[in-house]
Amino acid sequence: MQEGGVQEGRAGAEIGSPRKRSEDARLIAGRTQWTDNMTPQGTLHVAFLRSPHAHARIVRVDASQAMGRPGVVAAFSGADFADEQGSLPCAWPVTDDMKHPDHPPMAVSEVRFVGEPVACVVARDKSAAFDALDEIDIDYEPLPAVLNMDAALAEGSDLVHDDLGTNKSYTWVFENGDLDAALRDAPVVIEREYVQQRLIPTAMEPRSVLCVPDGDDFTLYSATQIPHILRLMLATVTEIPEHRIRVVAPDVGGGFGSKLQVCGEEVLALLLARRLGRPVKWTESRSEGNMTVHHGRDQIQRLTLAAERDGRIRGFKADILADMGAYLMLVTPGIPILGAFMYNGIYKMDAYSFTCTGVFTTKTPTDAYRGAGRPEATYAIERMMDELAAELGVDPIEIRRRNWIAHEEFPYETIAGLTYDSGNYEAATDKALELFEYDKLRAEQADRRDRRDPVQLGIGVSTFTEMCGIAPSRVLGSLSYGAGGWEHASVRILASGKVEVVTGSSPHGQGHETAWAQIAADRLGVPFEDVRVLHGDTAISPKGMDTYGSRSLAIGGVALFSACDKVVEKARRVAAHLLEAAEQDLEFTAGRFSVRGVQEEGKTLQEVALATFAAHDLPDGVEPSLDSDATFDPENFSFPHGTHLCAAEVDTETGMVHLRKYVAVDDVGKVINPLIVEGQVHGGLAQGIAQALYEEAVYDADGNLTTTTMADYLIPSAADLPTFTTDRTETPATSNPMGVKGVGEAGTIASTPAVVNAIVDALRPYGVNDVPMPCTPERVWRALRSETKPDTAEPGAGGGLGSASASGSDSDSAGGAQ
């Protein structure tokens, strides 16, 4: 045993073992390769001059003075690359009539958000390049900023793209069931409007790119989540043949979706390297990144829920405005569409309607951010479930029990058209309630309300599921996505019996090297230490669809699982020949072939590998190789689920929120490595809680981002977060042979509504039914002072859940907090 009770592992006992991550030895110490610490001989550094205007015409660019600065090799405007830079790709045309404007990597005639690149300087060192930016002279003709989505859609609005004639990119609709009938004469109708604020993904490692030319060939190193997709898209945009481009994602320090992108800086680094014949490198500063890395969320949700008086949901309607920003990036328009299938959550209902309108504004483009559409959906339905509970005076856990899919009903086809294959919401909730001491905290809450304690206690609930393992290629095709969702893996058995695993998944902190080695060690019966995992280099791993959407294990891990089984079957034929036995008579246990019933004789996989390499005595027709590969494309998503409970103390005099207790019980199917799962849950919780309490990208009236530094954009530290109590239940997925589900986004998806529900629960006696995110002390304080005071409310009514129920036509039911 290692320190902390972590098992060293042995052949055949790796899956489920809490093994410490093998890659951490180099990552934590910094003894590794990331893009910004690579500087080949002759490297030139590029700095970009970025627009100070949210919207303006470029009248004139003069870069000639920059050329006279020490160390400067070249300076260019967007016009200098107009004929070769192409347009950055969008791979997800969600409707046939979607408006998709051209998106030059460097602006040529017009800028449409603060931070858009308009010129660049290439110099022998980074400082010289940045210093020379001051010498570039640009004249702009300012144009009106377009910042508000409702105003952008109004007739006569200023346009982000004149040639489109509209600020609407698309309207996407999904409907099932008769919503009009569900709403007609419903005893309870609740309407609310919630805002998903704009967020800035803040990975530990900023974006960085280095392009090294070699004749007609180019090697591009990038801190990217998607080396394989990036390679194809670079070839498409630049018209450089794909086989002439090699993309390497070395150790990458986090992504959270922000590096699921084809960035203009990556395209320009390639074009500059081709033009100058020298290696070209760019690494963003933190403030530069806050302006220009794509942002997340930024939606307005207008929601209607109809229910019976007993709490059973009749129908649910979601009308969404989604801010695209100035352009459509790689999967921008599809992000809110992913949520379309999750607004129903874990609940049964008769009718459902989802409408999403994508809107152009003069802001940084939005795209995938941890959870990608599913946190927004879970927030909407879980907030509305609490509103329904409060309306009826029913405990929020009870209102969920009355509506959720019972475990014996799986597989279950939802109102949104997905088939949930497995789950047990009852088990996860019961375990969470026990760990949380729910009844005890409810009693304390009632006592505080009775005493008019200035610090009120709120209890937040989030029972959730998510679709992850973004993969089924046929489903993605039906949604007009530009690629499939399969994943590839190869297993190479060396002559010595050591194992090389090549995976198309590209990690950026998830622990693939450890988890994949555990899978291979178990399936092949070899020691964990004998397995090496290779990834992130299109020259080594030529096939792959990369890492995002909690798909790595559920797709890439299963591909590896299948490839290992193919190795065993190849080895079985050789082993049978060596043992002079029939293949069907052989058993394979703990890495050893033996004849059934004759355990004392046998051949290990290593012995078979050496015999295959020597090729002195192989069966006729057998090639001397055990190497195998596999591609996995599941027929369905996987659906992890769980129950998260949050206790929040809210100071009604100052608005300060203190998270006192947080319990998360997740069901992620079969677990490969509990330590990695725990880490993923903790990280996800931090980001979901951050949205609830801390983070927001703020623009002023002129379209300037005012949160460009970490002094302005609050990322919580460990000191800002509670101690998490986590546990698991296990219902294996049926969509893959390993029974695994995703875990990377679960914590983020579940935690935001749990926290906000807790805050609102604390304030319901004061007439508060919403606090806009992030729930800062000022916003809590203002919400308290704009609503009913405690001496006119009924603290503790409805079992401590707020005022007693009212009819569906009452103002509290019909009016949403803004």
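Biologist: Leaving aside the neighbours within four places in sequence, which residues is Ala575 in contact with?

Modeller: Bearing in mind that this is a predicted model, one looks past the sequence neighbours within four places, and Ala575 is then found in contact with Leu586, Phe593 and Val608. Ala575 itself belongs to helix α15, and its relative accessible area is 0%, so it counts as buried.

Biologist: How many Å separate the C-alpha atoms of Ala575 and Tyr170?

Modeller: The C-alpha atoms of Ala575 and Tyr170 are separated by 60 Å, and the two residues stand 405 residues apart along the chain.

Biologist: How should I read the packing of two helices, and at what angle do α15 and helix α16 pack?

Modeller: Two packed helices are described by two quantities, the angle between their axes and the distance between those axes. For α15 and helix α16, the latter spanning residues 605-614, the angle is about 85° and the axes are 10 Å apart, which means that α15 is roughly perpendicular to α16. On the side of α15 the contact is made by Ala571, Val574, Ala575 and Leu578, and on the side of α16 by Leu605, Val608, Ala611 and Thr612. Sorted by class, the contact of α15 with α16 has seven nonpolar residues, one polar residue and no charged residues.

Biologist: And are α14 and α15 roughly parallel or roughly perpendicular to each other?

Modeller: Helix α14 (residues 512-524) and helix α15 (residues 552-579) pack at an angle of about 30°, with their axes 9 Å apart. An angle under 35 degrees counts as roughly parallel, and α14 and α15 are therefore roughly parallel to each other. As for handedness, α14 passes α15 in a right-handed crossing.

Biologist: Which residues in α14 and α15 meet?

Modeller: From α14 the residues are His512, Trp516, Ile519, Ala520, Arg523 and Leu524, and those they meet in α15 include Ser552, Leu553, Gly556, Leu560, Phe561 and Cys564. By class, the residues of the contact of α14 with α15 divide into ten nonpolar, four polar and two charged.

Biologist: Turning to charged side chains, what is the cut-off for a salt bridge, and how many salt bridges does the count come to?

Modeller: A salt bridge is scored when a side-chain nitrogen of Lys or Arg is within 4 Å of a carboxyl oxygen of Asp or Glu, and by this rule the count comes to 64 salt bridges. One of them joins Arg50 and Glu265, whose closest N and O atoms are 2.9 Å apart. This pair links distant parts of the chain, 215 residues apart, with Arg50 in strand β1 (residues 44-50) and Glu265 in helix α6 (residues 264-276). Both Arg50 and Glu265 are buried.

Biologist: Which residues are linked with Arg50 and Glu265 in a network of salt bridges?

Modeller: The network of salt bridges links Arg50 and Glu265 with Arg207, Glu284 and Glu288.

Biologist: Where in the chain do Asp761 and Arg449 lie, and are they buried or exposed?

Modeller: The side chains of Asp761 and Arg449 meet in a salt bridge, with an N to O distance of 4.0 Å. Asp761 lies in helix α18 (residues 746-763) and Arg449 in helix α12 (residues 438-450), so that the pair, 312 residues apart, links distant parts of the chain. Asp761 is buried, as is Arg449. Asp319 has a relative accessible area of 28% and is partly exposed, and Lys317, at 28% relative accessibility, counts as partly exposed.

Biologist: What should I look for in the backbone, and which residues does a cis peptide bond join?

Modeller: The omega angle is the value to read for a peptide bond. A cis peptide bond joins Phe410 and Pro411, with omega about -5°, and Pro411 lies in the loop between α10 and β16. Another cis peptide bond joins Met773 and Pro774, where omega is about -10°, and Pro774 lies in the loop between α18 and α19.

Biologist: What is phi of Glu239, and what is phi of Phe256?

Modeller: Phi of Glu239 is near 65°, a positive value in a residue other than glycine. Glu239 is placed in the loop between α5 and β11 and is exposed, with a relative accessible area of 71%. Phi of Phe256 is near 55°, again positive in a residue other than glycine; Phe256 sits in the loop between β11 and α6 and is partly exposed, with a relative accessible area of 27%.

Note on methods: Residues are numbered from 1 along each chain as its sequence is written. This is a predicted model: local features need pLDDT of at least 70, side-chain atom pairs count only at pLDDT 80 or more; totals for chains, interfaces and linings use all residues. Side-chain values use heavy atoms; hydrogens and water are left out. Helices (H or I, at least four residues) and strands (E, at least two) are DSSP runs, numbered from the N terminus. Buried means under 20% relative accessible area, exposed over 50%, partly exposed in between (1.4 Å probe, protein chains only). Axes are lines fitted to C-alpha atoms, for helices over the stretch in contact, and angles run from 0 to 180 degrees between N-to-C directions. Angles under 35 degrees count as roughly parallel, over 145 as roughly antiparallel, 65 to 115 as roughly perpendicular and the rest as oblique. A crossing is left-handed if the near helix is turned anticlockwise from the far one by less than a right angle, and right-handed if clockwise. Contact means heavy atoms within 4.5 Å. Ala, Val, Leu, Ile, Met, Phe, Trp, Tyr, Cys and Pro count as nonpolar, Asp, Glu, Lys and Arg as charged, and the others, Gly among them, as polar.
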